[in-house]
Amino acid sequence: MKYLGLDLGEKTLGVALSDSIGITHPYKTLEFHSKQYIETLKELSKIISEYEIDEIVVGLPTNMDNTEGEKVHYVKTFVSKLEDTYPSKPIHLEDERLTTMEAYELMSEMKFKRKEERKLYSDALSAKLILDSYLERIKKNEK
C-alpha cells in the first residue's frame with residue numbers, strides 16, 4: 001500500500017508520500033488562496049496517479065482538550081472535497097496535535113536562509129509526521 005499524507009493549513013497543503021514498504025518522506029508544499037482548492041486538487045491528482053497512491057491520510061487539528069474547533073470543520077470540508085474527487089480512495093483522519101511543533105524541532109539544526117523556506121518545508125515535514133503516526137497506529141493494531 002502506498003499512502004499520501006496531507007497537512008492542511010490556511011494557505012498551504014503539506015504533502016508526504018510513503019512507498020509500498022512504509023518508508024515516508026516529505027514531498028512538497030502546495031500553495032492556494034482563499035480556500036480555493038481546484039488547482040490543489042488537480043496537483044494532487046497528478047501526484048496520486050504518478051505515485052500510484054492507494055490511500056490518503058489527512059491531519060485533523062483537534063484541540064489539546066479533545067474538542068473540535070473551527071480548524072477541524074475546515075479540514076472536514078476539505079476532506080469532503082477529496083472524497084468527491086477521489087471516491088475510490090480510502091481517506092483517513094489522523095490526530096495532528098503537536099506535529100508542527102515537532103517539525104520545527106526536527107528542523108532546528110537545518111539551516112534555512114529564509115522564513116518562507118522553513119515554513120514550506122515544515123508543512124511537508126508535518127505531513128510526513130502525520131503519515132508516520134497513522135502508519136505506526138495501524139501497525140500496532142495489526143499485532
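Buried means under 20% relative accessible area, exposed over 50%, and partly exposed in between, judged with a 1.4 Å probe on protein chains only. Of the 143 residues of this protein, 41% count as buried. The model shown is predicted, so that local features need pLDDT of at least 70 and side-chain atom pairs count only at pLDDT 80 or more, while totals for chains, interfaces and linings use all residues. Residues are numbered from 1 along each chain as its sequence is written, and side-chain values use heavy atoms, with hydrogens and water left out.

**View 1. The protein as a whole, with its helices and strands.** The protein has four helices and five strands, where helices (H or I, at least four residues) and strands (E, at least two) are DSSP runs numbered from the N terminus. When the chain is read along the sequence, these elements follow the pattern β-β-β-α-β-α-β-α-α. Contacts, meaning heavy atoms within 4.5 Å, can also be sorted by how far apart the partners lie in the sequence. Among the contacts between residues at least 6 apart, 63% join residues that are at least 24 apart.

**View 2. The largest nonpolar core.** A nonpolar core is a set of buried Ala, Val, Leu, Ile, Met, Phe, Trp, Tyr and Cys residues joined through side-chain atoms within 4.5 Å. In this protein the largest such core has 25 residues, and those with the most contacts inside it are Leu4, Leu6, Leu13, Leu44, Ile56, Phe78 and Leu82. Several elements each supply at least two residues of this core, namely strand E1 (3-8), strand E2 (12-18), helix H1 (38-50), strand E4 (55-60) and helix H2 (70-85). The largest share, six residues, comes from H2. In soluble globular proteins, nonpolar side chains tend to be buried together.

View 3. If its neighbours within four places in sequence are left aside, Ile56 is in contact with Leu4, Leu6, Ile48, Leu82, Tyr86, Lys89, Pro90, Ile91 and His92. Among these partners, Leu4, Leu6 and Leu82 are listed, together with Ile56 itself, among the residues with the most contacts inside the largest nonpolar core. The protein also has a second, separate core of nine residues, which includes Tyr3, Val57, Tyr134 and Ile138.

View 4. Leu125 and Val15 are 110 residues apart in sequence, whereas the separation in space, from C-alpha to C-alpha, is 8.0 Å.

**View 5. Glu52 and its salt bridge with Lys2.** A salt bridge is a side-chain nitrogen of Lys or Arg within 4 Å of a carboxyl oxygen of Asp or Glu, and the structure holds five of them. One of these is formed by Lys2 with Glu52, the closest N and O atoms being 4.0 Å apart. Because Lys2 lies in the segment before E1 and Glu52 in the loop between H1 and E4, this pair ties together parts that are 50 residues apart in sequence. Lys2 is partly exposed at 24% relative accessibility, whereas Glu52 is exposed, with a relative accessible area of 55%. The backbone of Glu52 also deserves a careful look, for Glu52 has a positive phi of about 50° although it is not a glycine.

**View 6. The salt bridge between Arg137 and Glu94.** In this view the side chains of Arg137 and Glu94 meet in a salt bridge, with 2.7 Å from N to O. The pair links distant parts of the chain, since Arg137 is in helix H4 and Glu94 is in strand E5 (residues 91-95), 43 residues apart. Arg137 is partly exposed, having a relative accessible area of 35%, while Glu94 is buried, with a relative accessible area of 4%.

View 7. Asp132 forms a salt bridge with Lys128, in which the closest N and O atoms are 2.6 Å apart. Because Asp132 and Lys128 are four residues apart in helix H4, the two are separated by about one helical turn. Asp132 is partly exposed, with a relative accessible area of 26%, whereas Lys128, at 18% relative accessibility, counts as buried.
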